[in-house]
Amino acid sequence: FRSDETFFQQPDHARQVIRALKERGLTFTCTSRVDVLMKHLDELRENGLQNVYIGIESMDDASLAEVRKGVKASLTEALLKRLEACGSFAFGTYMLCLENDTAEKVQQAVEKLSSFRALYGVVFWIATPFPGTDYYDRLNAAGEIFDREPKHYDALHLVHRHAEISPARAGDLLRYCVKNHCHEQNIRKAKLLRKWADLEKRSTLAPPLRPGAVLPSPAGALP
């Protein structure tokens, strides 16, 4: 197994790789940028591309600008529609709790993501300002980071202040996203979700979050 997270950003080298794969009768899945894939999708498909991994990160243009993604949500939508038309799947990553997010916007985004038949799976995580990044430096300089516990820098915890979302609510949203995006052909995830629901029914610690449920409003201000 080989992975190149910036595939086809050096087209000449990438063409040598896919030519060698094709000569050996091998197909491939690649990770690349949405705009790069839009430009080269036909060529890649002709040379054995099966599926792609992409960083979606948000369906909100303001949030995409915040993380300097360099593409708009409409381009991601266009790519997913092209992948569906040619019979390929996409696996994506998606960030919660970006500055422009609200609970309602996140729920709407999950509904929209679920409408793309080419989007087989999504890894959801909470936007985390990791030390050494521009994101960390900006939030740290503004005094917005309140949680310094190293174990919480795992993309599963909200470690900075957010105008609309509390840390507890961020956890609820993350669970909501995981539960409410499941491709109809993703049998393995569907089975895991059924087990999860069964465990919740047996537990008195947390009631199950039903698909489409509206999350409660956050109580109180952030620390």
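How many helices and strands does the protein chain have?

**View 1. Overall fold of the predicted model.** Eight helices and four strands build the protein chain. From the N terminus, the elements follow the order α-β-α-β-α-α-β-α-β-α-α-α. Of the 223 residues, 41% are buried. Among contacts between residues at least 6 apart in sequence, 67% join residues at least 24 apart. The accessible surface comes to about 13,000 Å². Carbon and sulfur atoms hold 52% of that surface.

**View 2. The largest nonpolar core.** This core has 43 residues. Ile54, Tyr94, Leu96 and Phe124 have the most contacts inside it. Helix H2 (residues 34–46) gives the most to this core, with six residues.

**View 3. Surroundings of Phe124.** Neighbours within four places in sequence are left aside here.

**View 4. Ser58 in the loop between strand S2 and helix H3.** Strand S2 spans 49–57 and helix H3 spans 61–66. Ser58 has a relative accessible area of 1%, so it counts as buried, the cut-off being under 20%. A polar atom of the Ser58 side chain lies 3.0 Å from the backbone nitrogen of Asp60. Not counting residues up to four places away in sequence, Ser58 touches Ser63, Leu64, Tyr94 and Leu98.

Notes:
Residues are numbered from 1 along each chain as its sequence is written. This is a predicted model: local features need pLDDT of at least 70, side-chain atom pairs count only at pLDDT 80 or more; totals for chains, interfaces and linings use all residues. Side-chain values use heavy atoms; hydrogens and water are left out. Helices (H or I, at least four residues) and strands (E, at least two) are DSSP runs, numbered from the N terminus. Buried means under 20% relative accessible area, exposed over 50%, partly exposed in between (1.4 Å probe, protein chains only). A polar contact is a pair of N or O atoms within 3.5 Å; within protein, one must be able to donate a hydrogen and the other to accept it, and residues adjacent in sequence count only if both atoms are side-chain atoms. Contact means heavy atoms within 4.5 Å. A nonpolar core is a set of buried Ala, Val, Leu, Ile, Met, Phe, Trp, Tyr and Cys residues joined through side-chain atoms within 4.5 Å. Accessible areas come from the Shrake-Rupley method with a 1.4 Å probe; for residues, only the protein chains shown count as cover.
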